[in-house]
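Subject: Structure for you to look at

Hello,

I am passing on the structure we spoke about.

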Amino acid sequence: MENFVYYSPTCFVFGKDTERDTGKYVKRFGGSKVLIHYGGGSVVRSGLLDRVKKSLNDCGIPFVELGGVKPNPRSGLVYEGIDLCKKENVDFILAVGGGSVIDSSKAIAAGVVYDGDFWDFYQGKRIEEALPVGTILTIAAAGSEGSPDSVITKEEGMFKRGASGDAIRPKFSILNPALTQTLPAFQSAAGITDIMAHLYERYLTNSEEVEVTDRLIEGLLLTMVHEGPRVIEDPNNYEARANIMWAGTMAHNNSCGVGRTQDWNSHSIEHELSALYDCAHGAGLAVTMPAVFTYEMSHNVMRFAKAAVRVWGCQMDFEHPEVTAKAGIEALRNFLISIGMPKNFEELGAKEEDIPKLVDVLCNGDGRTGSISGFTTLNEDDCTKIYKMMV
Ligand code: NZQ
Ligand code: ZN
């Protein structure tokens, strides 16, 4: 196990009707003027936004609003949010929505207190200071409610890039599983896929003797395999929604990733797909992961075989561990298809002729120098082969 520091101070407030306490938590974490940031309207239709406003009003906390965050959130609205916060003297950002809304909120929070262009943070500058952010989560997926990360797409060039820093970890996150019951099946499945990707990207490690985090990851993956189909079958299954919601937070607040190197090649390869085609991040991962894992398998066959046996119940073939490893990747692929995820470029809406462009932006865009690196290092040739495997 590698040395590590684990700092995850978010206050999680879990359960039915918890959004009614929003005002109380904004006060507790020092907010006196709030920006409520939200997406394309699901929180308006469900009545959630009204309940949140009522809670702020009841606590005497003034607020301004900015809706319109799109999935794969854009830089344009972030600039707008920064200007609004400065004009209105906002000192707390409240994200009401999914990962896209939370990431846009984090970008605004960092941008308001920074003199330069907020995009600097998405080109590698660490975020050291930000306005406090609170979240009310409406989809179990990205894990942004407990992560120090934000992913934004710059319209100019359609670069989708991430920024990090403990300053943007949410001060509190309100997790009411009932809020996810209005999700369409496709979005639920995309969320399930993203959560599983966050677990796999940590499972694929070059560190030795990391049994405790291996076991945590395996347990969470088994939970997803059990609970995922239950919410696809019955969107109103509160208990299954609850288990998935907490698994989504645990999968990405890095409690499962400490003391070990991690992969993230699948995420990097996928981000170019959601940047170019505006597909759901989870759907992109469903197509990406089996290809990347098959390509990376020879780097450490036993790692994939271990997941195959412990998560997917495959029989270990000690003479041919690659057979077991492959069976595990196949089981993952079949599971994702079974919950309604796409299996190839065509179903995702991606085009083979775009592969050179995808590879170029992935490996050379925005300061990169010809490769990406995680469990293995992948150069342009490797990435081309991987994208071709998805066709
Ligand atoms: O915009 P609205 O109308 O709210 O609709 C959203 C959106 O269309 C809808 N939705 C959300 N909650 C709903 C709902 N519809 C009905 N009922 C509800 N309760 O779902 C759609 C997708 O929302 P989005 O926020 O985009 O989903 P998700 O949470 O999957 O976030 C995806 C973004 O997060 C990034 C992804 O790259 C992508 O841009 N990620 C962020 C990470 C982080 N900050 O740590 C890590 C992840 O790996 C990921 O990269
Ligand atoms: Zn993800």
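How many salt bridges are there between domain 1 and domain 2? The count is 2. Please keep in mind that this is a predicted model.

First, the layout. The protein chain is split into domain 1, residues 11–179, and domain 2, residues 185–389. Taken over C-alpha atoms, the centres of domain 1 and domain 2 are 26 Å apart.

Next, the interface. On the side of domain 1, 30 residues make contact with 26 residues of domain 2. About 2300 Å² is buried between domain 1 and domain 2, and carbon and sulfur atoms account for 58% of that area. Of the area that domain 1 buries against domain 2, 24% comes from Lys160, Arg161 and Pro177, which is more than any other three residues supply.

Arginine 161 also takes part in a salt bridge with glutamate 272, in which the closest N and O atoms are 3.1 Å apart.

Which strands each supply at least two residues of the side of domain 1 that touches domain 2? They are strand 1 (11–14), strand 6 (149–154) and strand 7 (159–164). Strand 7 gives the largest share, with 3 residues. By type, the residues on this side of domain 1 comprise 16 nonpolar, 7 polar and 7 charged.

Then there is the ligand. There are 31 residues around ligand 1, and those that come nearest are Gly40, Ser42, Gly99, Ser100 and His198. Several polar atoms can be picked out here:

- Glycine 41 has a polar backbone atom 3.1 Å from an oxygen atom of ligand 1.
- Threonine 138 places a polar side-chain atom 2.8 Å from a nitrogen atom of ligand 1.
- Threonine 182 has an N or O atom in its side chain 2.8 Å from a nitrogen atom of ligand 1.

Last, the salt bridges of the whole model. The structure holds 20 of them. One joins the side chains of arginine 51 and glutamate 19, with 3.0 Å from N to O. Arginine 51 belongs to helix 3 (residues 48–58) and glutamate 19 to the loop between strand 1 and helix 1 (22–28), so this pair ties together parts that are 32 residues apart in sequence.

Regards

Definitions and conventions
Residues are numbered from 1 along each chain as its sequence is written. Chains are lettered from A and ligands numbered from 1 in the order in which they are written. This is a predicted model: local features need pLDDT of at least 70, side-chain atom pairs count only at pLDDT 80 or more; totals for chains, interfaces and linings use all residues. Side-chain values use heavy atoms; hydrogens and water are left out. Domain bounds come from an automatic or database domain assignment. Contact means heavy atoms within 4.5 Å. Buried area is the accessible area (1.4 Å probe) that two parts lose on being put together, summed over both. A salt bridge is a side-chain nitrogen of Lys or Arg within 4 Å of a carboxyl oxygen of Asp or Glu. Helices (H or I, at least four residues) and strands (E, at least two) are DSSP runs, numbered from the N terminus. Ala, Val, Leu, Ile, Met, Phe, Trp, Tyr, Cys and Pro count as nonpolar, Asp, Glu, Lys and Arg as charged, and the others, Gly among them, as polar. A residue is near a molecule or strand if one of its heavy atoms lies within 4 Å of it. A polar contact is a pair of N or O atoms within 3.5 Å; within protein, one must be able to donate a hydrogen and the other to accept it, and residues adjacent in sequence count only if both atoms are side-chain atoms.
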